[in-house]
Amino acid sequence: MRDMTSLSMLLGPAGLLRRHALALTLAGLAGVAASAATVALLARINAALHRPAGPLTEMVLAFTGLGLAMLAGRATASALSNRTGQAIIQELRLMLAQRILAAPLDALERYRTHRLVPVLTQDVGMVSGLCLSLPMTVVAASVVVGCVLWLAWLSWQLAVLVLSALALSLALQRWAQERAIVRFEAARSDEDALHKAWRTLGDGAKELRLSRSRRRQLLDGRIARHAADIARAQVQAGDLYALSFEASAALYFLLVALVFAAARLWQLPSEVAGGFVLALLYMKGSLDQVLGFLPFYARARVALGRVDELGSSFSNPESSSAEGTPPPLMHGIALQGVRYAYEAADGVAPFTLGPLDLQLRRGEILFIAGDNGAGKTTLLKLLTGLYRPQQGELLLDGRQVDDAGRDAYRQLFSPVLSDFHLFEELPDTDAPPAERDAAAQAALERLGLAHKLSVRAGRLSSTDLSTGQRKRLAMVHAWAEARPVMVFDEWAADQDPAFRTRFYREFLPALREHGHTLVVISHDERYFDVADRVLVMDGGRLQETAVN
Ligand SMILES: Nc1ncnc2c1ncn2[C@@H]1O[C@H](COP(=O)(O)OP(=O)(O)OP(=O)(O)O)[C@@H](O)[C@H]1O
């Protein structure tokens with residue numbers, strides 16, 4: 001998977017299109033067969049119009065046979081392309097999700113999560129539309145090609161005239177396409193900005209209701225502006241296509257007139273002129289389908305670019321296996337000479353942590369303190385294997401945790417991070433389901449949540465809780481998981497005094513009693529005596545303080 005973009009997921013040697021090549025080829029062949037039957041049918045109609053004296057039964061049989069062949073070919077092409085298109089999209093969605101899950105956390109943070117949703121919904125939908133409509137557009141194009149070949153057989157001079165008009169029409173469409181795609185690109189960038197504003201509607205609902213000026217900023221400054229920019233770009237692109245489409249249509253009827261004039265000038269038989277008019281009028285529908293596909297293709301190309309950007313942003317998955325057994329923690333974990341710097345943004349020097357050394361001994365309670373922005377959370381992400389050190393080593397019982405073992409190493413930790421996500425399902429463990437539910441229910445009682453919610457079949461009945469209660473529920477998840485190392489990032493910060501005391505004086509010692517190693521980020525100096533050691537982060541560096 002390394003260095004694979006999503007385009008190569010679609011088109012590469014092991015790509016989705018390649019894997020569905022048989023079905024797609026069969027769809028194409030069925031479409032071409034349907035087109036051949038259509039053209040043969042047109043030739044028959046033309047012959048019947050100009051030489052009506054042939055045997056009736058033969059004519060009826062030929063019409064029926066060709067009509068059935070056309071129907072079978074088109075139905076087969078349509079059914080196959082529909083199924084293949086849907087299968088490709090289903091697999092593309094799964095591949096993108098797997099790729100995002102396998103991406104290093106910092107790559108995901110750099111990409112910005114608000115940009116994920118439009119790609120996974122809007123752009124993937126657009127690419128799916130492309131996959132679905134492409135085969136039928138190929139069928140329409142093959143009807144056009146078949147008609148032109150028949151026309152060339154009837155009269156090459158008139159066919160040259162038709163081909164020149166088609167070339168002019170395509171050149172017009174290309175002119176429109178090049179200009180429209182710039183507008184589609186601009187509209188798509190505005191879609192990202194608009195999606196960010198949609199999120200603010202939900203995430204900032206309270207602040208927006210309390211502040212008229214913020215509401216105005218969001219509505220007029222962001223939503224209205226981006227919506228207007230998108231509408232303007234789409235209208236401009238639509239106008240360009242409409243102009244070239246209508247010009248092509250006018251050109252087409254001019255062509256029919258020209259064919260009549262040329263046929264009379266060159267004194268061609270009426271069957272030839274009739275065949276041309278019949279074919280030109282019939283293939284107009286297919287030609288419109290091909291030309292109508294172009295704006296859609298331009299939009300899908302922009303969407304494919306976004307899907308591809310997402311794919312290549314996450315094209316270096318962590319090489320760790322998701323299968324490996326978590327290693328035991330025998331003695332301790334160490335960071336040695338570890339350094340990590342964020343990417344510089346807008347000319348501001350990036351925050352750099354380390355180089356620093358840290359020892360975490362099995363069974364100890366380690367507190368990490370320090371000012372806001374000192375690097376405590378960054379240190380936790382390095383310690384838990386969420387970030388890969390840019391320099392230095394992460395050691396488990398003296399052995400280096402390499403890329404291959406990082407995912408297994410991470411399974412040593414049960415975290416309650418400051419920006420935790422509250423899952424509705426309890427984590428899967430080795431315990432039988434009934435035992436797991438009973439343990440979680442006991443934890444809910446201990447954390448004062450049993451009157452608010454319950455556990456049934458591994459699911460919590462609700463997560464509609466206050467901020468402090470949500471944090472307690474996150475603790476229930478960590479207890480249910482009960483991994484060797486538990487990590488709490490400022491857990492007690494929004495607990496009431498009674499629960500804060502219980503956290504430090506009751507829960508932490510009890511967890512240690514059960515054999516857990518504890519890493520706690522804390523500003524609560526009153527409880528520092530609970531810790532075996534307190535480390536202080538300052539500007540990305542560590543110092544050890546004496547504990548009373
Ligand atoms: N994803 C990120 N990209 C760039 N810089 C970041 C990112 N996350 C954190 N930083 C920067 O790294 C520095 C340390 O952040 P960190 O969250 O580790 O601090 P902290 O000590 O946990 O702070 P707090 O006590 O406020 O939670 C900060 O200056 C912050 O701006």
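The model is a predicted one, in which local features need pLDDT of at least 70 and side-chain atom pairs count only at pLDDT 80 or more, while totals for chains, interfaces and linings use all residues. Residues are numbered from 1 along each chain as its sequence is written.

Ala-457 lies in the loop between strand E7 (455-456) and strand E8 (459-460), where helices (H or I, at least four residues) and strands (E, at least two) are DSSP runs numbered from the N terminus. Although Ala-457 is not a glycine, its phi is positive, at about 50°. Most residues other than glycine have a negative phi. Asp-397, likewise no glycine, also has a positive phi of about 50°. This residue is found in the loop between strand E4 (391-396) and strand E5 (399-400), and Asp-397 is partly exposed, with 13 other C-beta atoms within 10 Å.

Parallel pairing is found around strand E10 (residues 517-521). Five of the five residues of E10 are buried, so the strand is largely enclosed by the rest of the structure. Thr-517, Val-519 and Ile-521 point one way from E10, while Leu-518 and Val-520 point the other way. One partner of E10 is strand E9 (residues 485-489), paired in the parallel sense over five bridges, with Asp-489 opposite Ile-521. From E9 the chain crosses through helix H15 (residues 497-513) to E10, and this β-α-β crossover is right-handed, in that the path from the first strand over the helix to the second runs clockwise when the strands point away from the viewer.

Strand E3 (residues 365-370) also pairs with E10 in the parallel sense, over four bridges. Ile-365 stands opposite Leu-518 in E10, and Leu-366 stands opposite Val-519. E3 is mostly covered, with six of its six residues buried. Ile-365, Phe-367 and Ala-369 point one way from E3, and Leu-366, Ile-368 and Gly-370 the other way. E3 is also joined by five bridges to strand E11 (residues 533-538), and these two run parallel. The bridge partner of Phe-367 in E11 is Val-534.

Helix H15, which links E9 to E10, has 17 residues that should span 24 Å at 1.5 Å a residue, and its end C-alpha atoms are 23 Å apart, which agrees; the expected span is 1.5 Å times one less than the number of residues. H15 bends by about 40° at Phe-503, the bend being the angle between axes fitted to the seven residues ending at a residue and the seven starting there. Phe-503 is also among the buried residues of H15, together with Phe-499, Tyr-504, Phe-507 and Leu-508.

Helix H6 (residues 116-154) has 39 residues and reaches 55 Å from its first C-alpha to its last, close to the 57 Å expected. A kink of about 35° lies at Ser-133 in H6, shortly before the proline Pro-135. Gln-122 lies in this helix and is partly exposed, with 16 other C-beta atoms within 10 Å. Between Gln-122 and Ala-457 there are 35 Å in space, C-alpha to C-alpha, and the two are 335 residues apart in sequence.

Turning to the ligand, the residues around it include Glu-109, Tyr-342, Phe-351, Asn-372, Lys-376 and Met-537, a residue being near if its C-beta atom, placed from the backbone, lies within 6 Å. Gly-370, a residue of E3, is also one of those around the ligand. The largest share of the shell, three residues, comes from helix H11 (residues 376-383). The shell divides into four nonpolar, six polar and two charged residues, where Ala, Val, Leu, Ile, Met, Phe, Trp, Tyr, Cys and Pro count as nonpolar, Asp, Glu, Lys and Arg as charged, and the others, Gly among them, as polar.

Conventions: Buried ≥ 20, exposed ≤ 12 C-beta atoms within 10 Å, placed from the backbone. Pairing = 2+ DSSP bridges.
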